[in-house]
Amino acid sequence: MEYVIVMDSCGERTEEMKADDRIVSAPLTMQVDDYAFVDDDSFDQADFLKKIADSPNCPKSACPSPDFYKRAFEKAEKRAYAVTLSAELSGSCNSAVLARDLLEEEGSKLQIHVFNSRSASIGETLITAKIQECEDAGMSFEEVVETVESYIDGQNTYFVLENLETLRKNGRLSNIKAFLPLRCGLSRSWARRRRVRSSSLTRRGASIRHL
């Protein structure tokens, strides 16, 4: 394969992407108490969410290892790209950068670029699709990097919290602040609308404003 795109598993692969050997998923790992969940095809979302709800502790996560990224990059003959969860939220980007640096130290001739999505989920998917579009258009490696970085700069990420429990468990909200919306009789739909956060992640970092 001339090129590969390694997207961490926070990104949502389409069915077409899953069928394309050039697109590799780098799985994150989630830990809930003594249970470890690898975010690959074996991931049981219902069981994961149930264990989170049943646990008094906050779940933890681990990013893909540099070695995984390194081996994935080596599947390419000429060019390799990584698309990672925002570096402000995860160590996935740092792992990919370390893998790139290790290959460069070993004298690899691969052209490698790590895209910090400054986003998550479908944001990563759109970036991966943009890389494919640029490659299919016959762009050079440098043109792909410039075009996709510009595309990332123009993205905005919007996300919704279903509830405040995880924020309470990890100490970002006090028990009383997490409890008040329900105690005051706010409906879930109203509270959800009020908890929407707009995240605009730029080259200068993350800015989050509450709507």
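What share of the contacts with a separation of 6 or more comes from residues 24 or more positions apart? I looked that up first, bearing in mind that this is a predicted model. The share is 67%.

**Overview.** I counted nine helices and 10 strands in the protein. There are 211 residues, and 40% of them are buried. For the accessible surface I noted about 12200 Å², with 50% of that belonging to carbon and sulfur atoms.

**Strand 6.** Next I went to residues 79–84, which make up strand 6. Six of the six residues are buried, so the strand is largely enclosed by the rest of the structure. I also wanted to know why neighbours in a strand can end up on opposite sides: side chains in a regular strand alternate between the two faces of the sheet. Here one side has Arg 79, Tyr 81 and Val 83, while the other has Ala 80, Ala 82 and Thr 84. Both faces are covered.

**Its partners.** Strand 1 (residues 3–8) runs parallel to strand 6, and five bridges join the two. I found Met 7 opposite Val 83 there. Strand 7 (residues 111–116) also pairs with strand 6 in the parallel sense, over six bridges. Ala 80 has Ile 112 as its bridge partner in strand 7.

**A hairpin.** Last, I checked strand 3 (residues 29–32) and strand 4 (residues 35–38), which are antiparallel and joined by four bridges. Thr 29 sits opposite Val 38. Two residues lie between the strands of this hairpin, and Asp 33 in the turn has a positive phi of about 55°.

Notes: Residues numbered from 1 in each chain as written. Predicted model: local features only at pLDDT ≥ 70, side-chain atom pairs only at ≥ 80, totals over all residues. Heavy atoms only, no water. Pairing = 2+ DSSP bridges. Buried < 20%, exposed > 50% of the residue type's maximum accessible area, 1.4 Å probe, protein only. Contact = heavy atoms within 4.5 Å. Areas by Shrake-Rupley, 256 points an atom, 1.4 Å probe, with all protein chains shown as cover.
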